[in-house]
Amino acid sequence: MKKYVYIGRFQLPHIGHERIIEHAIKNADKFTLLVGSVNAPIDKKNPFTFEERKEMLTRICERIKVETGKDIPIEIIPLKDFNDNDQWVQEVKRLTLSKPDEEVFLAGCKKDGDGSTFYLDLFPEWTQDFIEEISYPGIEVISSTKLRKMFFDGEILPDVISKTTKEYLNILL
């Protein structure tokens, strides 16, 4: 049985996140999303609560399950930050306990020249199943930081934010 795990902050889910979620749903028998930084204070870097991010991710997962015709169990679990990588890795493993018949796959996307995805190498016992970094016309790099700024500045969000996420953001306003 294939269990996929995807770790992220998801502080404004975009099409890069959605492509990874879609890839995992298509290939997994079970899927766990770990939503990081749940103990971080609300600020410009972390403007959305765990519950808000969970709702956005739930909507995305449900849409993708319908589109793919793959109805697998999905867990969305809060993950605290730690100042120690070893503690953080142990917490990730505790939250994603697998059964003996499960092979764990780590979903994600390694970004070229970006240290933000170093954590993907902290789980050598898990099979890595990463997608290629995606591009979008007119946008050099899909950046949640830039997208959050646009959202809070009242700018129109580009289509790298899905209709599903935009609809939920409109509810929040």
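Q: What do buried, exposed and partly exposed stand for?
A: Buried means under 20% relative accessible area, exposed means over 50%, and partly exposed is in between, with a 1.4 Å probe and protein chains only. Bear in mind that this is a predicted model, where local features need pLDDT of at least 70, side-chain atom pairs count only at pLDDT 80 or more, and totals for chains, interfaces and linings use all residues. Residues are numbered from 1 along each chain as its sequence is written, and side-chain values use heavy atoms, leaving out hydrogens and water.

Q: What about F151, buried or exposed?
A: F151 comes out at 13%, so it counts as buried.

Q: What makes W88 and Y119 an edge-to-face pair?
A: Rings of Phe, Tyr and Trp (its six-membered ring) pair if their centres lie within 6.5 Å; planes under 30 degrees apart are stacked, over 60 edge-to-face, and the rest tilted. The W88 and Y119 centres are 5.9 Å apart with planes at 80°, so edge-to-face it is. W88 sits in helix 3 (residues 85-95) and Y119 in the loop between strand 4 and strand 5 (127-130), so the pair ties together parts 31 residues apart in sequence. Helices (H or I, at least four residues) and strands (E, at least two) are DSSP runs, numbered from the N terminus.

Q: Why do W88 and Y119 count as buried?
A: W88 has 11% relative accessibility, so it counts as buried. Y119 has 18%, so it gets the buried label as well.

Q: How many aromatic pairs are there, and which residues do ring pairs link into a cluster?
A: The structure holds nine aromatic pairs. The cluster joins W88, F118, Y119, F123 and W126.

Q: Why is I42 called exposed?
A: I42 has 55% relative accessibility, so it counts as exposed. I42 is in the loop between strand 2 and helix 2. Beyond four places in sequence, I42 is in contact (heavy atoms within 4.5 Å) with P47, F48 and T49.

Q: What makes K65 buried?
A: Its relative accessibility is 13%, so K65 counts as buried. K65 belongs to helix 2, and apart from neighbours within four places in sequence, K65 is in contact with I25, K70, D71, I72 and I74.

Q: What makes a set of residues a nonpolar core, and how many residues has the largest?
A: A nonpolar core is a set of buried Ala, Val, Leu, Ile, Met, Phe, Trp, Tyr and Cys residues joined through side-chain atoms within 4.5 Å. The largest has 22 residues, and Y4, Y6, I21, I25, F31 and L33 have the most contacts inside it. Helix 2 gives the largest share, five residues. A second, separate core of 15 residues includes V5, I77, L95 and Y119.

Q: Which residues does F31 touch?
A: Not counting residues up to four places away in sequence, F31 touches Y4, Y6, I21, A24, I25, I72, P73, I74 and E75.
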